[in-house]
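Let us read a structure together, one feature at a time.

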Amino acid sequence: MSNSEFTEIIGRPRIQEIISAIGGRNAIDLLELMITEKKGAIDEVYAEKLSLKITEIRTILNRLHYRGLVEYQKTRDEKSGWYTYTWGIKKVEIANLLKKKLQEELEKYQEKLQANESYMMFSCSNDCHKVPFEIAAEYEFRCPDCTEEMKSLDEAEEAEKIRDIIDEIGVEIANINRLS
Ligand SMILES: [Zn+2]
């Protein structure tokens with residue numbers, strides 16, 4: 001995956017939500033900056049470029065490191081004896097985690113859709129009653145008031161919305177698979 005492909009992936013809104021949930025709001029800016037730093041940089045550089053405190057940068061880096069999404073190299077300055085950490089991102093691991101998270105979201109919405117469909121409501125054309133499948137079946141799909149046939153209501157906009165989300169997540173997964 002090239003750097004521009006990586007930037008394309010993390011530029012997508014749904015992906016940014018996932019990254020924010022893992023590393024906080026500034027994690028996206030940090031990753032975008034890190035990808036452009038060829039040899040990796042020290043946290044001070046990132047702090048300056050993003051106008052954040054060093055402690056804020058370290059917090060984000062630690063969160064990302066905990067999930068195995070960034071790596072660091074530790075070098076010791078011979079004169080001062082101080083250690084310097086240069087940071088780099090792990091593109092493959094990030095792509096894999098994003099795919100895993102998207103897959104989890106996808107399954108969550110699929111379950112939601114199933115639940116929604118199993119509570120399909122029925123009504124006559126006069127809208128006398130709105131009842132679930134079991135009740136409509138007891139009435140043999142005839143409205144007890146007007147005797148019109150009871151039909152399933154257009155599985156609600158809700159199901160439509162969930163289907164759209166499922167499609168969107170599918171596109172994101174395909175996009176990562178294509179680029180990584
Ligand atoms: Zn009716």
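**Reading the chain**

Q: How many helices and strands does the secondary structure of the chain come to?
A: The chain holds 8 helices and 6 strands, where helices (H or I, at least four residues) and strands (E, at least two) are DSSP runs numbered from the N terminus. Along the sequence these elements follow the pattern α-α-α-β-α-α-β-β-α-β-β-α-β-α. This is a predicted model, in which local features need pLDDT of at least 70 and side-chain atom pairs count only at pLDDT 80 or more, whereas totals for chains, interfaces and linings use all residues. Residues are numbered from 1 along each chain as its sequence is written, and side-chain values use heavy atoms, with hydrogens and water left out.

Q: What radius of gyration does the chain have, beside that of a compact globule?
A: The radius of gyration is taken over C-alpha atoms, and the globule rule is 2.2 Å times the number of residues to the power 0.38. For 180 residues a compact globule would come near 16 Å, but the chain has 26 Å. The C-alpha trace spans about 95 × 30 × 20 Å along its principal axes.

Q: What share of the residues in the chain is buried?
A: Buried means under 20% relative accessible area, exposed over 50%, and partly exposed in between, with a 1.4 Å probe and protein chains only. By that rule, buried residues make up 32% of the 180 residues.

Q: What share of the contacts in the chain with a separation of 6 or more comes from residues 24 or more positions apart?
A: Contact means heavy atoms within 4.5 Å, and residues 24 or more positions apart account for 56% of the contacts with a separation of 6 or more.

Q: Which atoms coordinate the zinc ion?
A: Donors are N, O and S atoms within 2.8 Å of the metal (3.2 Å for Na, K and Ca), and sites may look incomplete because water is not among the atoms. Here the SG atoms of Cys124, Cys128, Cys143 and Cys146 coordinate the zinc ion at 2.2 to 2.4 Å. Within this site, cysteine 128, in the loop between strand E4 (121-123) and strand E5 (130-132), and cysteine 143, in the loop between H7 and E6, form a pair that links distant parts of the chain, 15 residues apart. Cysteine 128 is partly exposed, with a relative accessible area of 34%, whereas cysteine 143 is buried at 1%. Along the chain, the donors follow the spacing C-x3-C-x14-C-x2-C.

Q: What is the geometry of the zinc ion's site?
A: The ideal angle for four tetrahedral donors at a metal is 109.5 degrees. Four donors count as tetrahedral if all angles lie between 85 and 135 degrees. The zinc ion has angles of 101 to 113 degrees among its 4 donor atoms, and its site is tetrahedral.

Q: Is aspartate 43 buried or exposed, and which side chain does it join in a polar contact?
A: Aspartate 43, which lies in helix H4 (residues 43-50), is buried, with a relative accessible area of 6%. A polar contact is a pair of N or O atoms within 3.5 Å; within protein, one must be able to donate a hydrogen and the other to accept it, and residues adjacent in sequence count only if both atoms are side-chain atoms. The side chain of aspartate 43 has such a contact, of 2.6 Å, with that of arginine 58. Not counting residues up to four places away in sequence, aspartate 43 touches Ile54, Ile57, Arg58, Leu61, Tyr85 and Trp87.

Q: Where does leucine 61 lie, and what does it touch?
A: Leucine 61 lies in helix H5 and counts as buried at 0% relative accessibility. Beyond residues up to four places away in sequence, leucine 61 touches Leu30, Met34, Asp43, Val70 and Trp87.

Q: Which residue other than glycine has a phi near 65 degrees?
A: Threonine 147 has this positive value; it lies in the loop between helix H7 (133-138) and strand E6 (151-152) and is exposed, with a relative accessible area of 51%. Serine 51, which is not a glycine either, has a positive phi of about 55 degrees; serine 51 lies in the loop between H4 and helix H5 (54-66) and is exposed at 67%.

Technical notes
Four donors count as tetrahedral if all angles lie between 85 and 135 degrees; four count as square planar and six as octahedral if opposite donors are over 155 degrees apart and all others between 65 and 115; anything else is irregular.
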